[in-house]
Amino acid sequence: MKKKIGFIGAGNMGTAMLKGIIGNGLATNDEVIASCHSESTQKKVSEELGIEVTLDNKQAANADIVFLAVKPAVLPEVARQVKPELSEGQLIISVAAGFDLKKLHFILGGDLHIIRTMPNTPAMVGEAMSALCTDEKVTDSEKEEALALFNSFGKAEFVDEKLMDAVTGVSGSSPAFIYMIIEAMADAAVAEGMPRKQAYVFAAQSVLGSAKMVLETGKHPGELKDAVTSPAGTTIEGVAALERDGLRQAMIDAVRTAASKSREMSQN
């Protein structure tokens, strides 16, 4: 790619993204600069990633591609700090939730090329699902560059901005829902006599493998479910129990409630 990449914010998410970008050869260590708010983080990230880390957000803003990887609450102040350093033609990639493209252009400047994104926490293990959206100012080549960067730590797709609230529910918040399912599965295995540590491995690996089956086979989840449910077998009895207990509706409600909260936050 051979472009200078600046990360404003080097917390858990920013660091996870940087690991993917550098680890997959999309940028070398000397092509990346990151900023953070404390000397302890500065030392930790510098040692961990071998990149330049500064306490000055303005320094990180002097790059071809600038990531805004800070908490939403501090984004307006960060934008005020770096706005004078930004110039027309720079590609700005925001990771901050609750800031749509209109707000981002307002606080950063209308002539910038801005991409709004939402990765999720599995970025920390290189398995993020990221949504990206933008407007007509961003070129096709810039979109390709952004996709390559985000695919380095998981999977990424462009969506219409109106779908970003749905993204919040289906991928942004859903890791917490899946962790609850894994925990519940393990609890049941423990109740059946399995040691707790082993139960978590069995439950988590089963979820991982099932997700991989959906992604790699391209088959409908219902078709894959049917392939496991033998007549009069154990699985169909479990499926029937889940239907009685309302698993589908509970998940639909959880995703839609998270999406609704996202809409509410973006309107404030």
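**Figure 1. The E243–R248 pair.** The side chains of E243 and R248 come together in a salt bridge, with 2.7 Å from N to O. As in every view here, what you are looking at is a predicted model. E243 has 40% relative accessibility, so this residue counts as partly exposed. R248 sits at 53%, which means it falls on the exposed side of the 50% cut-off. The pair belongs to a set of eleven salt bridges in this model.

**Figure 2. Stepping back to the whole chain.** Twelve helices and eight strands make up the secondary structure of the protein chain. Its C-alpha trace spans about 70 × 40 × 30 Å along the principal axes. Of the 268 residues, 40% are buried. The accessible surface comes to about 14900 Å², and carbon and sulfur atoms account for 56% of that. Take the contacts between residues at least 6 apart in sequence: 63% of them join residues at least 24 apart.

Figure 3. How accessible is E48? At 36% relative accessibility, E48 counts as partly exposed. K19 is partly exposed too, with a relative accessible area of 42%. K44 also joins in: K19, K44 and E48 are linked in a network of salt bridges.

Figure 4. E161 and R116 form a salt bridge, the closest N and O atoms being 2.9 Å apart.

**Figure 5. Helices α7 and α8 side by side.** The axes of helix α7 (residues 164-172) and helix α8 (residues 174-191) come within 6 Å and cross at roughly 25 degrees. Angles under 35 degrees count as roughly parallel, so α7 and α8 are roughly parallel to each other. Which residues make the contact? On the α7 side they are T168, G169, V170, S171 and G172, and on the α8 side S174, P175 and F177. Sorted by type, the contact residues of α7 with α8 come out as three nonpolar, five polar and no charged.

**Figure 6. The buried side of α7.** M164, D165, V167, T168, G169 and S171 are the buried residues of this helix. As a reminder about helices in general, an α-helix has 3.6 residues a turn, so residues three or four places apart point the same way. What do the buried residues of α7 pack against? Their partners are β6, β7 (128-134), α8 and α12 (247-267). T168, G169 and S171 are buried, and these residues are also among those that α7 brings to the contact with α8.

**Figure 7. A232 and its positive phi.** A232 lies in the loop between α10 (221-228) and α11 (234-245). Its phi is near 60 degrees, a positive value in a residue other than glycine. For background, most residues other than glycine have a negative phi. A232 is exposed, with a relative accessible area of 82%.

Figure 8. K71 lies in the loop between β4 (65-68) and α4 (75-82), and its relative accessible area of 64% makes it exposed. G9 is 62 residues away along the chain, yet the C-alpha atoms of K71 and G9 are separated by 8.4 Å. H37 sits in the loop between β2 (32-35) and α2 and, at 75% relative accessibility, counts as exposed. How far apart are the C-alpha atoms of H37 and G193? They are separated by 48 Å, for residues 156 apart along the chain.

Notes: Residues are numbered from 1 along each chain as its sequence is written. This is a predicted model: local features need pLDDT of at least 70, side-chain atom pairs count only at pLDDT 80 or more; totals for chains, interfaces and linings use all residues. Side-chain values use heavy atoms; hydrogens and water are left out. Axes are lines fitted to C-alpha atoms, for helices over the stretch in contact, and angles run from 0 to 180 degrees between N-to-C directions. Helices (H or I, at least four residues) and strands (E, at least two) are DSSP runs, numbered from the N terminus. Angles under 35 degrees count as roughly parallel, over 145 as roughly antiparallel, 65 to 115 as roughly perpendicular and the rest as oblique. Contact means heavy atoms within 4.5 Å. Ala, Val, Leu, Ile, Met, Phe, Trp, Tyr, Cys and Pro count as nonpolar, Asp, Glu, Lys and Arg as charged, and the others, Gly among them, as polar. Buried means under 20% relative accessible area, exposed over 50%, partly exposed in between (1.4 Å probe, protein chains only). Accessible areas come from the Shrake-Rupley method with a 1.4 Å probe; for residues, only the protein chains shown count as cover. A salt bridge is a side-chain nitrogen of Lys or Arg within 4 Å of a carboxyl oxygen of Asp or Glu.
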